[in-house]
Amino acid sequence: MIFGLFRRRSRDAEHRVYCEIVAQARQPVFYTDFLVPDTIDGRFDLIIVHAVLFFRRLRGEGKDVAEFSQAVFDLFFEDMDASLREMGVSDTRVPKKVKVMGEAFYGRADAYIPAIDEGDAEALSEALGRNIFTDAPEPLAQMRLAHYMLQTAKDLDAQTADVLRKGDISWPDPERFKEMPF
């Protein structure tokens, strides 16, 4: 009985959800047709896009869901920490870089969520331009990504929190948006 107090809870579901978020963000179409820079920063930004969409959907779903979301968020930053170390960032610099990444996450969430909630593709496109397409604005690609994000928010809203927590996430196919003229 007492050993149950020291048993670690399995994080399989959280890990499965995190892997789903990363897999969706790594779809090649984002880097080829949506023109997201295929760089460490570009990939990080697309993971943030999908994580923000996922966490936005689960907000307000109660304590258990909030704890689950926090566990997925923690995995995200544990992975970022491990990735920085693999890239050779020194142990003393990793916490500072992770802090900057955390600030980037919250800044982007603050820019994206209101536009998503309002269904405002133009505002979302502008926020994407400031955060992802910083070196070379790509208005058409930004607008396509904005519309993809708005559709993703709708698709996630239609899925129950229980289904999402199992990692059975139904993402829209980004291929549908690559040829859209706006």
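How many salt bridges does the count come to? By the rule used here, where a side-chain nitrogen of Lys or Arg must lie within 4 Å of a carboxyl oxygen of Asp or Glu, the count comes to nine salt bridges. Before we look at some of them, note that this is a predicted model, in which local features need pLDDT of at least 70, side-chain atom pairs count only at pLDDT 80 or more, and totals for chains, interfaces and linings use all residues. Residues are numbered from 1 along each chain as its sequence is written, and side-chain values use heavy atoms, with hydrogens and water left out.

Let us start inside. A nonpolar core is a set of buried Ala, Val, Leu, Ile, Met, Phe, Trp, Tyr and Cys residues joined through side-chain atoms within 4.5 Å. Buried means under 20% relative accessible area, exposed means over 50%, and partly exposed is in between (1.4 Å probe, protein chains only). The largest nonpolar core has 60 residues, and Tyr-112, Leu-145 and Met-149 touch the most other members. Among the elements that give it two or more residues are helix H1 (12-25), helix H4 (63-86) and helix H7 (139-157). The largest share, eleven residues, comes from H3. Helices here are DSSP runs (H or I, at least four residues), numbered from the N terminus.

Now for the charged pairs. Side chains of opposite charge can pair when their charged atoms come close. Arg-108 and Asp-45 meet in a salt bridge, at 2.4 Å from N to O. Arg-108 lies in helix H5 and Asp-45 in helix H3, so this pair ties together parts that are 63 residues apart in sequence. Arg-108 counts as buried because its relative accessible area is 15%, and Asp-45 is buried too, at 5%.

Another pair joins Asp-157 and Arg-56, at 3.2 Å from N to O. Asp-157 belongs to helix H7 and Arg-56 to helix H3, so the parts tied together are 101 residues apart in sequence. Here Asp-157 is partly exposed, at 39%, whereas Arg-56 is buried, at 10%. Salt bridges that share partners join Arg-56, Arg-59, Asp-117 and Asp-157 into one network.

Finally, look at the surface. Glu-118, Asp-120, Glu-122 and Glu-126 gather there in a patch of negative charge. Such a patch is made of residues with over 30% relative accessible area and no salt bridge, with like charges joined within 9 Å. Glu-118 is found in helix H5 (residues 94-118), and this residue is exposed because its relative accessible area is 67%.

Conventions:
Patch = residues over 30% accessible without salt bridge, like charges linked within 9 Å, V, L, I, M, F, W, Y side chains within 5 Å. Areas by Shrake-Rupley, 256 points an atom, 1.4 Å probe, with all protein chains shown as cover. Lys, Arg positive; Asp, Glu negative; His and termini not counted. Charge placed at Lys NZ, Arg CZ, Asp CG, Glu CD.
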